[in-house]
Amino acid sequence: MKYTIRRIWMLVVTMLIVSFMTFLAFELVSGDPAQTMLGTEATPEQLAALRHELGLDQPFFARYFRWLGGFFTGDLGSSYIYRQGVWGLIAPKLSLTLLLALISFILITVISIPLGVWSYRFVGGPFDWLRTTFNQLCMAVPPFFVGILLCWIFGIILHLFTPGDFPALRSDPGGALRHLLFASICLCIPRIAMTVRMMRSTVIGEMEKAYVRTAISRGNDRRQVLTRHVLKNSLTSTVTFLGQTMAELVGGSIVVEQVFGIPGLGRFLVSSISNRDYPVVQAIVVLLAFWVVLAGTIADLINQRVDPRLRLGGGAK
Amino acid sequence: MLEIKDLHVQFNSRDHEAVSGVTLTIHDGEILGLVGESGSGKSVTAMSIAGLLPRKQCKLSGDVLLDGQDLLHAQRSELRRLHGRKIGVVFQEPMSSMDPLMRVGTQIGETLRIHQPDMPKEERHRLVYEAMRDVELPNPEETYRKYPHELSGGQQQRAMIAAAIVSRPSLLLLDEPTTALDVTIQAQILELLKKLNRETGISMLFISHNLNVVRKLCKRVAVMQKGKLVETGTTEDVFFRPQHPYTQKLIESIPTRHGKEVR
Ligand SMILES: Nc1ncnc2c1ncn2[C@@H]1O[C@H](COP(=O)(O)OP(=O)(O)OP(=O)(O)O)[C@@H](O)[C@H]1O
Ligand SMILES: [Mg+2]
């Protein structure tokens, strides 16, 4: 319990630091937003009026805390380009990207854990090279290529979805989910291969440990050694790895959203960067950072449930 | 009674046999000491009794009979039924030999769960507590729920012994069980083993490279060198009238304070 509270406290502090650094960085690079929005012909009166409207005449820290509070109130300022509230612009895109990440994460977890354990059976066997080759192939093929292939087979030929034409989540949830599912398959393949390889080497490593010999000396068979002892001991590394995967999925979805024509956060981020729409970019950066830190925290909290050694005061050892 | 007849173990990756022609008997209720320098094949001998050698990586020949039943060439499934039920094993490093994520009590009761799956939970708990009392683990109820890292080295080794005896096997293999412990704890564990042997009549193979330890515990001792048995006899005979030059050298290498006593 103490550990949980400490870990959440760490999360809050990290996020405060990240948000402050982000705010500071954008403060430095963005110049005068009022000038950017109004262009060069603006009169000083117009500029002053807009600055007041945007709150730019306030001191730095006042603006920072107002912006920070915006993550709770939903008021993150307005986009330079769209002249709309940032939160209103981001929210629907964020939910699509998170949905894509979540579907991918579930697929990765339910497929790679059994596959990783199962692949242990082939260690040193005659088909191990085949497994290794297939695994490396899956990791090496870039997602955009798999994406194009999937779009072609399931979209153009089989008409299971229309690449580039994403149905609205509200009006056609089934179609939207199907679209997301194919995108997540493409996002998953290399990560499943990576997770399987990681699990396999973790299980191999655990199998060498002395407690396995003890387990055998007590009459456990191979399967029981795996299920009663080795799996649980392999879990912490797997959870950590999956936590990283969860964090990376959101970043990794940028390319895939592009290929499948999903109006998610990734695409929006790319276009906002090229438009120098700083309030939007700033908010997305913080949200992505929060996602990464949150995934790590959840992984740590799960691990601390699994491994009593992590519950000790220091958290180390 | 355990009989080893002309045991040979050859690892595929090695030129020399790890064990070449060992013949040994452990009588019922006896503690037999097995000594020898590092690499002399003591552990391999014990592991071949316990059926823990990687069969694919080595060639085995000879006979290992436990109460007449062949252990060396037995089916894997048959061996598994003996593991923990008829033969208990205790290894050198108690910490790494225990599953770090399993409660101590659960580990102690593991052989019961494996070999008597129909046993009611209450009965299993009762037997675990009994074994914990046998090995003199403090506060059994509390210790049951602890994890290995929460125990001291001596307590860990006691828990390992409890786990090895909970199913009341007839033979206990102890591969340097006290080497990783400090001297006072080591003495306590030796006392414990003596007591267990006296009270339950369990036979033991006690492996050590410390002759003093063996002398305290065992009536009979076997000496190994380079995979061969060079001398077997009562502890008295081997210590005071060593026949083989290697044994003499081993005895001389005991620190002098004890050496005087030995001569
Ligand atoms: N799995 C294995 N593969 C190959 N060789 C092995 C294996 N296990 C043991 N050996 C070899 O067999 C020989 C005997 O080893 P063993 O472990 O029985 O020695 P020991 O008497 O127990 O020594 P120590 O006092 O160091 O424990 C050694 O030469 C060792 O290198
Ligand atoms: Mg050894």
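How much area do domain 1 of chain A and domain 2 of chain A bury between them? About 1,500 Å², 80% of it on carbon and sulfur atoms. Buried area here is the accessible area (1.4 Å probe) that two parts lose on being put together, summed over both.

Before you select anything: this is a predicted model, where local features need pLDDT of at least 70, side-chain atom pairs count only at pLDDT 80 or more, and totals for chains, interfaces and linings use all residues. Residues are numbered from 1 along each chain as its sequence is written, chains are lettered from A and ligands numbered from 1 in the order in which they are written, and side-chain values use heavy atoms, with hydrogens and water left out.

**Stop 1: the two domains of chain A**

Select A 2-73 for domain 1 and A 90-309 for domain 2; the bounds come from an automatic or database domain assignment. Their C-alpha centres lie 33 Å apart.

Now pick A:Arg7 and A:Asp300. They form a salt bridge, closest N and O atoms 2.8 Å apart. The rule (a side-chain nitrogen of Lys or Arg within 4 Å of a carboxyl oxygen of Asp or Glu) finds 1 across this domain interface. Helices are DSSP runs (H or I, at least four residues), numbered from the N terminus.

**Stop 2: chain A against chain B**

Here 19 residues of chain A are in contact with 24 of chain B. The two chains bury about 2,100 Å², 58% of it on carbon and sulfur atoms. Select A:Arg213, A:Ser217 and A:Arg218. This trio supplies 32% of the area that chain A buries against chain B, more than any other three residues.

Then colour helix 9 of chain A, source of the largest share of the chain A side, 6 residues.

**Stop 3: inside chain B**

Methods
Contact means heavy atoms within 4.5 Å. Helices (H or I, at least four residues) and strands (E, at least two) are DSSP runs, numbered from the N terminus.
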